[in-house]
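Hi,

Here is the structure I promised to pass on.

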Amino acid sequence: MADDYLVRIGKLIRDARQHRGWTQSQLAEALGTSQSAVNRIERGNQNISLEMIARIGEALDSEIVSLGYAGPMHLRVVGGRRLSGAIDVKTSKNACVALLCASLLNQGRTVLRRVARIEEVYRLLEVLGSIGVRTRWINDGVDLEIVPPAELDLAAIDADAARRTRSIIMFLGPLLHRMDHFKLPYAGGCDLGTRTVEPHMIALRRFGLDIAATEGQYHGMVDRSVRPERPIVLTERGDTVTENALLAAARHDGTTVIRNASSNYMVQDLCFFLEALGVKVDGIGTTTLTVHGVPTIDVDVDYSPSEDPVEAMSLVAAAVVTESQLTVRRVPIEFLEIELAVLEEMGLDHDRTPEYFADNGRTRLVDLTVRPSKLEAPIDKIHPMPFPGLNIDNVPFFAAIAAVAQGQTLIHDWVYDNRAIYLTDLNRLGGRLQLLDPHRVLVEGPTRWRAAEMMCPPALRPAVVVLLAMMAAEGTSVLRNVYVINRGYEDLAERLNSIGAQIETFRDI
């Protein structure tokens with residue numbers, strides 16, 4: 001292997017390690033080698049086998065090189081181009097993964113329309129396939145058919161795929177109805193700092209599920225004599241926590257009241273899907289859900305998940321940051337009203353069409369046209385709140401938006417332990433962001449963006465924010481290791497190219 005390749009691979013490994021927040025000693029311990037060996041590898045001074053590269057990639061949950069397939073690995077971005085025309089919002093990533101988990105409740109055939117073809121969905125399909133669920137893309141690869149077996153084979157579960165998605169935790173709710181004891185690999189996904197799964201355990205304990213977490217697995221035991229005799233009060237108004245409680249309640253033979261429930265978009269889609277399965281849910285869109293469960297679900301169901309408000313916000317941010325006029329179609333307006341109200345106060349010039357319904361017949365959509373605007377920093381800080389507040393996943397986009405506004409904006413990302421840190425990657429592209437603590441960033445605008453080559457942050461939304469800034473920066477930028485973007489966005493580069501961006505996918509090896 002040529003010396004220049006060793007140097008380039010060493011740099012990729014160093015960047016991936018630093019993004020994970022590890023020291024060289026921590027990586028060495030994970031690999032069973034010495035800190036000095038890791039130091040030599042990162043400096044390009046040591047020969048390294050493909051097996052070792054694969055081990056390092058697994059330890060860092062980062063794809064250092066791709067072998068044996070033609071999937072994109074990096075993005076080359078020619079920035080400074082204006083976007084134009086119109087683009088449709090895809091279906092919701094978070095709704096699709098919840099519905100895939102919910103399909104385990106049904107003994108019949110489930111068809112999900114226009115499922116997002118993203119890595120997070122692919123990982124779940126790999127897990128489902130490994131335990132005996134038959135899935136196939138139909139209608140020219142647009143829709144997904146899911147047919148479960150009579151008995152799930154959890155002993156054959158694809159543990160690697162399971163560990164690469166946090167969504168695996170939503171198997172707990174359906175599985176407690178299908179078996180008395182089971183094992184699941186720990187949930188993985190984005191590197192967003194420590195997020196306890198205890199709220200899930202508290203809620204599911206009321207249905208008789210006891211979880212012991214040991215040796216990288218959740219060990220579940222179900223006591224059929226335990227039933228929720230009083231309302232379940234969630235200790236965290238989280239989306240996946242609410243979904244897990246709903247999945248458990250759906251096949252509980254009785255009425256379950258869930259309080260402090262999330263009313264966010266993916267939770268509403270799950271409720272609509274449960275109703276299609278024959279489970280009545282009262283209070284959809286509120287923080288108190290009453291679920292009238294049925295012990296057996298065996299129906300052929302056809303459901304269309306609604307559009308993704310976070311992708312819609314991504315596209316709005318792309319137009320703002322590149323100073324473009326762009327029409328974003330099929331925007332789920334109910335879940336972007338706060339964000340648009342903040343942008344209006346900042347001076348955003350935009351208009352919207354009258355509302356119409358999504359294919360599920362319930363979610364309200366609009367087409368939104370954004371125009372180049374002179375933005376001013378908001379008076380108040382930007383911070384997330386449970387729905388109907390500003391969406392947690394939309395907070396990072398305001399870092400890029402604030403960077404093109406006049407003045408100082410304080411962003412307080414209080415939910416995650418370290419996601420705000422990744423926003424300072426915008427400084428590599430000319431941004432002026434000051435990290436006040438692990439949760440707060442002060443953004444100074446306006447910004448004169450400049451091109452750069454850098455590693456993709458390991459968190460989905462900050463990674464897309466970096467891509468948007470590269471699109472605004474004059475010159476050619478390179479964003480390496482973009483698997484995390486593919487976890488949540490389908491063909492994002494190609495779709496952005498269709499409205500005027502110039503983004504090329506490539507691999508080194």
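Let's begin with the cysteines: the sulfur of cysteine 101 has its closest cysteine sulfur in cysteine 96, 11 Å away, so the two are too far apart for a bond. A disulfide here means a pair of cysteine sulfur atoms within 2.5 Å, and the structure holds 0 of them. Cysteine 101 is also buried, at 0% relative accessibility, and cysteine 456 is buried too, with a relative accessible area of 5%. (Buried means under 20% relative accessible area, exposed over 50%, and partly exposed in between, using a 1.4 Å probe and protein chains only.)

Before going on, a word on the source: this is a predicted model, where local features need pLDDT of at least 70 and side-chain atom pairs count only at pLDDT 80 or more, while totals for chains, interfaces and linings use all residues. Residues are numbered from 1 along each chain as its sequence is written, and side-chain values use heavy atoms, with hydrogens and water left out.

Next, a helix pair. Helices (H or I, at least four residues) and strands (E, at least two) are DSSP runs, numbered from the N terminus. Helix α5 (residues 93–102) packs with helix α6 (residues 119–130) at an angle of about 5°, their axes 10 Å apart. That makes α5 roughly parallel to α6. Axes are lines fitted to C-alpha atoms, for helices over the stretch in contact, and angles run from 0 to 180 degrees between N-to-C directions; under 35 degrees counts as roughly parallel, over 145 as roughly antiparallel, 65 to 115 as roughly perpendicular and the rest as oblique.

Which residues of α5 and α6 meet? From α5 come Lys93, Cys96, Val97, Leu100 and Cys101, and from α6 Glu120, Val121, Leu124, Leu125 and Leu128, where contact means heavy atoms within 4.5 Å.

Then there is an open sheet of 3 strands, in the order β18-β20-β19, with antiparallel pairing. Two strands pair if DSSP finds at least two bridges between them. The edge strands, each pairing on one side only, are β18 (407–412) and β19 (432–437). Strand β20 (residues 440–445) is joined to β19 by 5 bridges, and leucine 433 stands opposite valine 443 in β20.

Finally, helix α14 (residues 395–403) lies across β18, β19 and β20, at about 25° to β20. α14 is mostly covered, with 9 of its 9 residues buried, among them Phe397, Phe398 and Ile401.

Cheers
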